[in-house]
Amino acid sequence: MECDKKYITIQQLEQHNKAGDLWVSINGKVYNVSDWSKYHPGGETPLLNLAGKDVTDAFTAYHPTTAWQYLNKFFTGYRLKDYEVSEVSKDYRNIIHEFTKAGMFENKGHTAVFTLTSVAAMFGFVFYGVLCCNSLWVHLCSAMVLGMAWIQSAYIGHDSGHYIVMSGHGWNKFVQLITGNCLTGISIAWWEWTHNAHHIACNSLDYDPDLQHIQFLLSHLGYSIR
């Protein structure tokens, strides 16, 4: 019954916006994730950045469909009285629908395999040029090809960190480990955690991990972000 439902306003939701008192709304229903934030697989940072807000689009973009079944245990019993979908969100959801219908989110394992094959070929050329040739020009070409190989491996590592680019999770994790941990020397687990948080809290001085890294590097050069 509609009369049995309890409502709060957006202004009341916005008051629950800090650690220990962290509420969010999804499709107009209000959830208390204060305790869950410590166990959130994506870390506490994205939740703190979105605390007291509607997170429908972020939740849909960064969670599998199986995650919806766990929401009820966080439901406060409240709904947003003045909940409306913004025009930006409507446009975003329409784009996602069209991309999905066009098959643009389907696994493209053949593309990843082709890229990995080209990277392997480039590394083979580099090893041959450095170890088997004494020509300066061959060494210079090897350096150029090595840079291209690292760029391509970074691209495929980036894409496999965002979504499944192979035929299954196991092969996708294998690609992540090869391109991230082995070829570029970056922990793919660390990168995936910080980079997804970066997309959620893009350019936020408080919650964007990428900006925190910049501040760390600048501090060692004698600079600071005010």
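User: Leaving aside its neighbours within four places in sequence, which residues is leucine 71 in contact with?

Analyst: This is a predicted model, in which local features need pLDDT of at least 70, side-chain atom pairs count only at pLDDT 80 or more, and totals for chains, interfaces and linings use all residues. Residues are numbered from 1 along each chain as its sequence is written, and side-chain values use heavy atoms, with hydrogens and water left out. Contact means heavy atoms within 4.5 Å. With neighbours up to four places away in sequence set aside, the contacts of leucine 71 are Ile26, Tyr31 and Phe59.

User: Is leucine 71 buried or exposed?

Analyst: Buried means under 20% relative accessible area, exposed over 50%, and partly exposed in between (1.4 Å probe, protein chains only). The relative accessible area of leucine 71 is 9%, so this residue is buried.

User: Where is leucine 71 found?

Analyst: Helices (H or I, at least four residues) and strands (E, at least two) are DSSP runs, numbered from the N terminus. Leucine 71 is found in the loop between H3 and strand E5 (75–80).

User: Which residues does isoleucine 26 touch, not counting residues up to four places away in sequence?

Analyst: Isoleucine 26 is among the residues with the most contacts inside the largest nonpolar core. Not counting residues up to four places away in sequence, isoleucine 26 touches Tyr31, Asp54, Val55, Thr56, Phe59, Trp68 and Leu71.

User: What is phi of asparagine 27 near?

Analyst: Asparagine 27 lies in the loop between E3 and strand E4 (29–32). Most residues other than glycine have a negative phi. Asparagine 27 has a positive value in a residue other than glycine, near 55 degrees.

User: How does H6 lie relative to H8?

Analyst: Axes are lines fitted to C-alpha atoms, for helices over the stretch in contact, and angles run from 0 to 180 degrees between N-to-C directions. Helix H6 (residues 136–162) and helix H8 (residues 188–200) have axes 10 Å apart and pack at an angle of about 70 degrees. Angles under 35 degrees count as roughly parallel, over 145 as roughly antiparallel, 65 to 115 as roughly perpendicular and the rest as oblique. Therefore H6 is, relative to H8, roughly perpendicular.

User: How does H6 lie relative to H7?

Analyst: The axes of H6 and helix H7 (residues 169–184) cross at roughly 140 degrees and come within 9 Å. Relative to H7, H6 is therefore oblique.

User: How many charged residues does the contact of H6 with H7 have?

Analyst: Trp150, Ser153, Ala154, Ile156, Gly157, Ser160 and Gly161 of H6 make the contact with Asn172, Val175, Gln176, Thr179, Leu183 and Thr184 of H7. Ala, Val, Leu, Ile, Met, Phe, Trp, Tyr, Cys and Pro count as nonpolar, Asp, Glu, Lys and Arg as charged, and the others, Gly among them, as polar. By class, the contact of H6 with H7 has five nonpolar and eight polar residues, and the number of charged residues is no charged residues.

User: What separates the C-alpha atoms of glutamine 12 and phenylalanine 127?

Analyst: Glutamine 12 is in helix H1 (residues 10–14). Glutamine 12 and phenylalanine 127 are 115 residues apart along the chain, and their C-alpha atoms are separated by 62 Å.

Definitions and conventions: Core = buried A, V, L, I, M, F, W, Y, C linked by side-chain atoms within 4.5 Å.
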